[in-house]
Amino acid sequence: MSSSGHDSLLADWRPRALALESSIKQCLIGMDGPIRHITLAIFARGHVMLEGDVGVGKTTLLRAVARGIGGAYERIEGTIDLMPNDLVYHTYINEDGKPQVDPGPILKHGPELSVFFFNEVNRARPQVHSLLLRVMAERSVTAFNREHFFPHLQVFADRNRVEKEETFEIPSAARDRFLMELHIEAPEDQAERLELMFNPRFHDVDKLLESIEPGVLPYREIAGLAPIIQESVRASDALQQYALALWEATRKPAAYDVAIGNLDMDQLILAGASARGVSMMMRAARVAAWLDGRDYLVPEDIRGVFRETTAHRVFLHPVYELRRSELIGELMTGILNNVPAP
Amino acid sequence: MAFLKKLLPGTPVLGLATLAFLGLAAYEGLEWSRFERDNRALAEPGRITLTDDTDPELVFAAARAQAARGNEQEALRLYNTIIREGTPEFRERVHYNIANLYLREAAPLWNAVGVLEYARVDTLVALAKESYRAALRLNPDAWDARYNLEYAHRITPPPKERAKSDFQGSKSSVFATMPSLPGGGP
Amino acid sequence: MALMRSIALMLCLAAGALRAETAAPHLELQASRDFGYTLGSLIEHHLRLWLPDGAELVTPLLPSPGAVNDWLDLRTLRWKQESAHVVRIDVTYQVFKGVRDPETAVIPPLAIAYRVGGTNAEIHTPEWSFGLIPMIPPATPDDKVMLRGDAHERQFPARSAFYRFVGFLSAAALGALALAFRFGLIPGLGRRRPFADACRRIARLRSASPDVRLDAGLRAIHEALAKTHGKPVFPAMLDAFFEARPVFAPLRAEFEAFFDASQRHFFEPGAEEADNSAHCQALEGFCRRCARLERSA
């Protein structure tokens with residue numbers, strides 16, 4: 001396709017992406033940030049980990065997204081006795097009294113599966129995690145003696161941050177495959193809280209989601225569009241320097257005068273962001289630039305996705321891992337505040 | 001810090017004030033060192049070397065030292081060089097000391113020989129009284145000057161008595177002591 | 001008729017008497033006491049002079065300070081018109097009369113000249129006698145009187161001069177300290193002046209090519225902003241920046257333009273700057289204005 005063809009394609013898609021974003025925003029109050037990030041993730045073809053309290057609207061958000069994208073939507077609850085097989089197929093005795101094997105949630109819709117939502121992923125066993133890892137990394141799974149491909153698949157996982165018992169921490173390799181880790185919180189704004197409480201519109205989720213026009217985005221085309229976006233958005237030298245400095249800062253925060261209380265910053269970090277991690281960050285940033293109507297990156301694009309794409313990739317020293325949620329936020333803020341651009 | 005900044009006056013005002021204070025400090029520093037030096041000199045008034053620039057107070061001390069050494073003429077000369085200088089208080093002291101010099105010369109003469117030294121006593125006392133008056137005009141409350149001036153008045157022979165006492169000589173007749181033509185002319 | 005005539009005569013007489021009363025100037029003397037004076041004492045007389053209509057004091061003819069007689073000085077004489085007819089005159093004498101025994105002395109009359117109807121006239125103060133006492137006990141023989149000693153020289157006020165010196169020196173030091181504080185010369189305490197530094201750096205680059213100048217100038221101002229704010233400032237943080245440093249708020253439009261220019265220069269690929277030198281000029285002006293605001297903070 002010619003470059004002018006690309007340009008017109010990008011120009012066509014941008015209003016659609018914005019339309020999706022705004023129609024989801026209508027249904028969910030006080031979630032503009034997560035909605036924007038999910039929109040970025042859709043066009044960056046990345047998987048998203050959601051973390052938040054119970055009942056803050058994670059599921060509603062994902063259902064809204066699924067409805068907007070179109071295609072098949074599946075969800076599964078993570079439990080301690082969930083086995084990988086349960087994702088792929090399930091067996092039962094049918095009405096004729098014969099055993100029957102049906103495809104599980106992943107396979108049910110075949111290649112049309114566009115949104116797969118894994119609820120409470122940290123309750124599932126590591127075996128399940130590794131299956132999920134493969135699905136996320138390769139968008140394929142082996143079952144019934146053949147490979148099944150899901151070209152449009154986007155995985156959303158949800159991690160309960162309240163309970164820590166009987167949970168299995170997701171291995172770092174798995175976490176690294178998520179493009180973003182989003183924190184969903186109930187809106188802080190009083191007016192929005194009141195609206196949530198008293199506006200009957202928000203009480204019936206099914207009816208609420210009907211207001212979203214199904215399939216605003218033709219999900220089949222997103223996979224083709226994503227690389228075009230990545231190619232068309234350019235990064236200047238100064239911006240590359242800035243991104244590099246951010247990466248460097250996740251590895252050696254002390255070099256950028258980042259300080260958290262009186263912690264020894266050299267001791268704090270076990271491993272900084274991975275190479276895959278920063279490339280994912282740049283992917284999300286490029287989408288942000290495109291959504292903003294630019295064909296070049298500015299620091300704000302990166303800053304907007306830095307926390308979400310990088311925080312879960314930085315590994316702290318085990319001593320500090322227990323205080324992770326508190327420390328990592330400060331670290332990210334410190335890095336953003338201390339790395340200058342240009 | 002911000003409130004401190006607001007409290008401070010503008011830079012020009014601050015600069016000028018600093019310069020002014022610096023100037024005043026320099027002046028006072030010089031004064032202080034001069035005072036210290038002069039005070040050391042005052043401690044040994046006999047060694048004061050006098051020039052045209054010497055502080056009147058030092059000249060005063062030098063004059064007093066001369067008087068104490070019995071050198072009244074030099075003391076008077078020194079006092080007279082500074083009689084128009086300094087504060088009224090200083091001039092009062094100068095006048096008073098001058099008067100004392102005269103009176104101290106006159107008193108023993110008067111007490112020892114009385115009217116016989118009339119001319120000298122009268123002159124000295126007159127000079128002393130004049131100086132005491134000058135001192136008292138400058139400071140009516142100078143009690144030492146009042147007291148000494150009263151004494152000066154005591155040893156002043158009143159004109160009438162003076163005339164009388166002239167005739168209280170040993171000679172019985174004025175004519176006896178009068179040089180004249182020898183009796184029995186040609 | 002005879003009664004009428006006699007009443008008229010009486011009225012005439014009364015009027016005449018009244019006129020005579022007002023026509024005669026008279027004088028009243030007040031003194032605090034008339035005893036207990038010694039040689040050298042000051043004696044104050046307060047005179048009140050009533051003058052008839054049309055009469056006025058002839059001030060040049062008032063007694064002038066100086067010797068009144070051989071033992072009395074007139075030291076001061078002040079006068080004041082209290083009302084149309086009354087003049088107040090304050091006279092100070094100094095007594096130089098030496099006495100052996102308490103005696104009474106008399107201050108001679110003082111002539112006060114006034115002019116009435118074109119002719120000069122005089123009114124005299126009354127003679128005023130007062131008690132004069134000796135300081136030397138009367139019975140003391142002359143040769144037993146101890147004279148009072150000489151006056152001593154005074155020490156120079158070195159100590160107070162020293163205190164003033166220290167005081168002024170401290171004040172000057174305080175002033176210098178405040179100035180240093182203002183100009184950010186006190187490390188740790190004084191504020192730095194990042195924009196002033198940036199201006200100096202930009203000025204130093206004048207000879208460089210416009211591209212280099214623009215690049216370095218933008219970076220210098222970014223750095224100054226970061227130093228001022230304590231962290232790098234990005235366009236989205238401008239509101240927070242102005243909230244924290246309201247001094248710079250008047251330049252909001254310029255700040256926005258600066259960030260636009262910076263964004264264009266650093267991140268927009270192929271953004272051709274036709275007149276970089278004009279941009280440099282603008283940048284320098286902007287930096288100077290920032291430095292001025294920074295100083296006024």
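Predicted model: local features only at pLDDT ≥ 70, side-chain atom pairs only at ≥ 80, totals over all residues.

Student: Where does one begin with an interface, and how much area do chain C and chain B bury between them?

Tutor: The size of an interface is often given as the accessible area lost when the parts come together. Here chain C and chain B bury about 5200 Å² between them, with 62% of it on carbon and sulfur atoms, and the contact involves 56 residues of chain C and 53 residues of chain B.

Student: How many salt bridges are there between chain C and chain B, and which elements of chain C supply residues to the side that touches chain B?

Tutor: There are seven salt bridges between these two chains, including the one that joins B:Glu89 to C:Arg154, whose closest N and O atoms are 2.4 Å apart. Strand S5 (72-81) and helix H2 (158-182) of chain C each supply at least two residues of the side that touches chain B, and H2(C) gives the largest share, 15 residues. By class, that side of chain C has 33 nonpolar, ten polar and 13 charged residues.

Student: How should I read the sheet, and in what order do the strands of chain C lie?

Tutor: Strands of a sheet pair through backbone hydrogen bonds, either parallel or antiparallel. In chain C, five strands form an open sheet in the order S1-S2-S6-S5-S4, with antiparallel pairing. Strand S1 (26-31) and strand S4 (66-69) of chain C stand at the edges with a single partner strand each, so one side of each is left without a neighbour in the sheet. From one strand to the next, the twist averages 35°. S1(C) pairs with strand S2 (residues 42-50) of chain C over six bridges, and C:Leu29 has C:Leu47 in S2(C) as its bridge partner.

Student: Which helix of chain B packs on this sheet?

Tutor: Helix H6 (residues 118-138) of chain B does, touching S5 and strand S6 (86-95) of chain C, and its direction makes about 30° with that of S5(C).

Student: What area is buried between chain A and chain C, and which three residues of chain A supply more of its share than any other three?

Tutor: About 1400 Å² is buried between chain A and chain C, of which carbon and sulfur atoms give 68%. On the chain A side, A:Tyr296, A:Asn337 and A:Pro342 supply 41% of the area buried against chain C. The count of salt bridges between chain A and chain C is zero.

Terms used. Residues numbered from 1 in each chain as written. Chains lettered and ligands numbered in written order. Heavy atoms only, no water. Contact = heavy atoms within 4.5 Å. Buried area = accessible area lost by both parts, 1.4 Å probe. Salt bridge = Lys/Arg side-chain N within 4 Å of Asp/Glu carboxyl O. Helix = DSSP H or I, 4+ residues; strand = E, 2+ residues; numbered from the N terminus. Nonpolar A, V, L, I, M, F, W, Y, C, P; charged D, E, K, R; others polar. Pairing = 2+ DSSP bridges. Axes fitted to C-alpha atoms, helices over the stretch in contact; angles between N-to-C directions.
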